[in-house]
Amino acid sequence: MIHKFKLAGYNVLLDVNSGGVHIVDDLTYDLLDNVEPPFEDKCPENVMNKLAKAYDRNDIEECYEEIVSLYNDKILFSEDDYEKYALSAVASPIKAMCLHIAHDCNLRCKYCFASTGDFGVGRKLMDFETGKRAIDFLLEKSADRKFLELDFFGGEPSLNFGVVKQIVEYARSKEEEYGKKFRFTVTTNGVHLTDDMIDFINKEMYNVVLSIDGRKEVNDRMRVKIDGTGCYDLITKNFKRLVDKRPKDKDWYVRGTYTKYNLDFSNDVMHLYDMGFDQISVEPVMADPKEPYAITEADLPKIFKEYEVLSEKIQNIRNSGKFINFFHFMLDLDQGPCAIKRLRGCGCGNEYVAVTPDGDIYPCHQFVGIEEYKMGSLYDGTFDLNMKNDFAKAHVYTKPECKKCWAKFYCSGGCNANNYIYAGDIHNAHKLSCQIQKKRLECAILMKAIQLMETAE
């Protein structure tokens with residue numbers, strides 16, 4: 001399988017199974033519209049006659065021979081060696097947990113998938129006993145995994161920060177005994193960040209996700225406090241303090257969203273960059289199409305153009321010798337993740353689970369509250385291994401649309417939760433998400449290919 005696209009004046013050719021990327025001339029691009037394996041010894045006469053209107057016949061024949069040579073060398077139209085790994089996919093030890101430390105929030109974001117923090121089941125905070133049980137569960141189910149990841153999530157974790165500290169202390173006390181190392185992450189809206197919290201986060205948290213949507217008018221339209229006023233001025237001040245004090249060897253990024261109201265989201269990325277934030281993620285909000293802010297297929301042409309604009313802006317920053325990292329343009333064309341990771345993505349429900357304040361276990365944070373996907377409870381000792389196995393086997397070869405898609409080894413079948421919520425089944429690709437993801441990938445592939453070409457020169 002190959003995928004071709006034109007972008008920013010380049011003709012880009014991706015060999016899907018090998019991951020090889022080639023920048024090609026117009027003749028090669030057009031010829032590949034007309035030929036595919038099995039190849040004949042000579043360029044078919046009907047193809048020759050068709051292309052001879054625009055190209056020299058000798059050039060066409062030489063180009064055809066080169067394509068055949070690349071095919072014989074397994075560089076183009078390479079075979080799919082991944083399906084055999086998929087067929088042997090088995091359940092893995094749990095290595096990551098999303099700990100819902102607070103089902104409450106001090107914001108009332110209009111697009112919140114968690115029903116403004118309470119996940120539709122009432123506002124509550126996790127107690128220390130539940131947190132301890134969650135740590136014990138992760139230690140027990142992690143088998144020989146040394147590095148364990150735990151994300152303090154909400155709602156808003158700062159509303160229950162005393163218990164966050166207790167859980168971190170407890171987990172650290174178990175590391176030597178079990179031969180494990182915890183990597184903590186916290187996701188925060190920044191409203192309640194104090195200097196004490198910032199110091200603790202910068203000491204203990206391996207990563208920090210700072211939620212802000214971008215420009216003041218964009219952020220304050222959707223991310224409002226309980227009284228309906230915006231939070232931009234407060235959170236930007238707090239985020240700057242945290243980032244300024246953050247050790248250089250620890251990760252962080254600002255995470256924004258875009259809706260129908262800010263389809264010019266490249267301006268939000270640049271606004272965050274101009275504020276001094278150079279680690280940035282801005283993602284589309286998936287919502288019921290009836291919502292006034294919901295992105296629909298009618299918005300895709302503008303969104304596609306905006307990703308092209310954003311990639312050009314980022315390239316200009318890098319060409320000037322400055323640094324910026326946009327999360328969704330991060331791509332490794334050389335090695336990439338292991339085979340199984342490329343096939344089933346985030347590990348939702350298999351390597352990764354979420355735990356609520358009541359101790360209920362779900363496949364991930366977006367499944368919380370969907371009772372048919374409740375996997376068990378820390379308090380009655382239940383854990384649905386059949387469901388875990390089902391998620392382990394949910395990969396690009398069990399998702400019909402993914403199996404035939406050129407982007408499958410990069411998106412790994414997409415978000416299982418989005419697939420379920422918006423397409424009715426974890427094995428059904430959510431079309432809108434897919435189309436946006438594929439455009440981002442095209443921009444990222446070209447940017448990486450240009451970088452590699454410049455490095456080679």
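1. Contact is taken here as heavy atoms within 4.5 Å. In this predicted model, what covers the buried residues of helix α7 includes α6, β8 (181-188), β9 (205-211) and α9 (232-245). The residues of α7 (195-204) that are buried are Met197, Ile198, Phe200, Ile201, Asn202 and Glu204.

2. Helix α6 (residues 161-178) also packs against helix α5 (residues 128-141), with the two axes 10 Å apart and at an angle of about 30°. Because angles under 35 degrees count as roughly parallel, α5 is described as roughly parallel to α6. The crossing in which α5 passes α6 is right-handed.

3. On the α5 side of this packing, the residues that meet α6 are Phe128, Gly131, Lys132, Ile135, Asp136 and Leu139, while α6 contributes Val163, Gln166, Ile167, Tyr170, Ala171, Lys174 and Tyr178. By class, the residues of the contact of α5 with α6 comprise eight nonpolar, two polar and three charged.

4. Turning to aromatic residues, a search of the whole structure gives 21 aromatic pairs. In one of them, the ring centres of tyrosine 373 and tyrosine 420 lie 5.0 Å apart with the planes at 75°, so the pair is edge-to-face. The pair links distant parts of the chain, 47 residues apart, since tyrosine 373 belongs to the loop between β14 (360-362) and β15 (376-377), and tyrosine 420 to helix α16 (residues 416-423). Both tyrosine 373 and tyrosine 420 are buried.

5. An aromatic cluster is also found in the model, and it is formed by Tyr258, Phe265, Tyr307, Phe326 and Phe329.

How values were computed
Residues numbered from 1 in each chain as written. Predicted model: local features only at pLDDT ≥ 70, side-chain atom pairs only at ≥ 80, totals over all residues. Heavy atoms only, no water. Axes fitted to C-alpha atoms, helices over the stretch in contact; angles between N-to-C directions. Helix = DSSP H or I, 4+ residues; strand = E, 2+ residues; numbered from the N terminus. Parallel < 35°, antiparallel > 145°, perpendicular 65-115°, else oblique. Left-handed = near helix turned anticlockwise from the far one by under 90°. Nonpolar A, V, L, I, M, F, W, Y, C, P; charged D, E, K, R; others polar. Buried < 20%, exposed > 50% of the residue type's maximum accessible area, 1.4 Å probe, protein only. Phe/Tyr/Trp six-rings, centres within 6.5 Å; stacked < 30°, edge-to-face > 60°.
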